[in-house]
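Here's a quick briefing to read with the model open beside you. Have a look first, then work through the notes below.

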Amino acid sequence: MRHRAQLLLLRDRIRPEGMIVGIDSSPGMLAQARRRATRNGWTNVILLEADATTLFPAVIGDRIAAQGGRRHSDAALATYALSLMPDWETAWTNMASLGMPGAAMAVVDMQEPTGAFSGLAPLARAACRL
């Protein structure tokens with residue numbers, strides 16, 4: 001569901017010659033996104049399976065270019081993912097490395113509950129995974 005809404009919103013925002021590149025470590029999420037892109041005839045969507053904490057930006061850039069995209073993007077968006085990664089700093093650095101100088105970078109995520117609600121942290125993590 002999450003990827004479906006994101007693809008639709010991104011698709012509505014990019015120029016006709018724009019390209020959407022989705023990178024996810026989950027084959028299931030990528031399969032859902034691929035089905036949606038195919039069903040809607042979106043030919044400007046590239047989907048790659050990779051772990052943001054271990055990928056090599058140059059290799060990912062080459063894979064994007066091999067599918068007709070540019071090695072570096074104008075913008076990057078991480079949604080409900082960074083907080084689930086133990087090494088989120090590396091994921092952020094890798095994401096930034098795939099952007100052009102001055103690329104827009106955005107994160108939509110949630111913070112673990114703190115204070116009196118810290119006991120709900122496992123529930124919050126489970127909700128993000130769903």
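**Leu 47 and the rest of the model**

Leu 47 is in contact with Gly 22, Leu 30, Ala 33 and Arg 34, leaving aside residues up to four places away in sequence. Keep in mind that this is a predicted model.

**More on Leu 47**
- You'll find Leu 47 in strand 2, which covers residues 45-49.
- Leu 47 has a relative accessibility of 12%, so it counts as buried, the cut-off being under 20%.
- Arg 125 is 78 residues from Leu 47 along the chain, and their C-alpha atoms are 25 Å apart.

**Helix 4**
- Helix 4 runs over residues 88-97, and its buried residues are Ala 91, Asn 94 and Met 95.
- Looking down the helix 4 axis, those buried residues fall within an arc of 100 degrees, so they line one face of the helix.
- In an α-helix there are 3.6 residues a turn, so residues three or four places apart point the same way.
- The cover over the buried residues of helix 4 includes helix 3, strand 3 (73-79) and strand 4 (99-108).

**Nonpolar surface patch**
- Leu 10, Leu 77, Tyr 80, Val 108 and Met 110 make a nonpolar surface patch of about 370 Å².
- Leu 77 sits in strand 3 and is partly exposed, at 42% relative accessible area.

- The protein chain has an average pLDDT of 86, and 91% of the residues score at least 70.
- Confidence is highest in helix 3 (residues 57-66), at a mean of 96, and lowest in helix 1 (residues 2-13), at 65.

Conventions
Residues are numbered from 1 along each chain as its sequence is written. This is a predicted model: local features need pLDDT of at least 70, side-chain atom pairs count only at pLDDT 80 or more; totals for chains, interfaces and linings use all residues. Side-chain values use heavy atoms; hydrogens and water are left out. pLDDT is the predictor's confidence in each residue, from 0 to 100. Helices (H or I, at least four residues) and strands (E, at least two) are DSSP runs, numbered from the N terminus. Buried means under 20% relative accessible area, exposed over 50%, partly exposed in between (1.4 Å probe, protein chains only). The arc is that of the directions from the helix axis to the C-beta atoms. Contact means heavy atoms within 4.5 Å. Patches are made of residues with over 30% relative accessible area and no salt bridge: like charges are joined within 9 Å, nonpolar side chains (Val, Leu, Ile, Met, Phe, Trp, Tyr) within 5 Å. Accessible areas come from the Shrake-Rupley method with a 1.4 Å probe; for residues, only the protein chains shown count as cover. A salt bridge is a side-chain nitrogen of Lys or Arg within 4 Å of a carboxyl oxygen of Asp or Glu.
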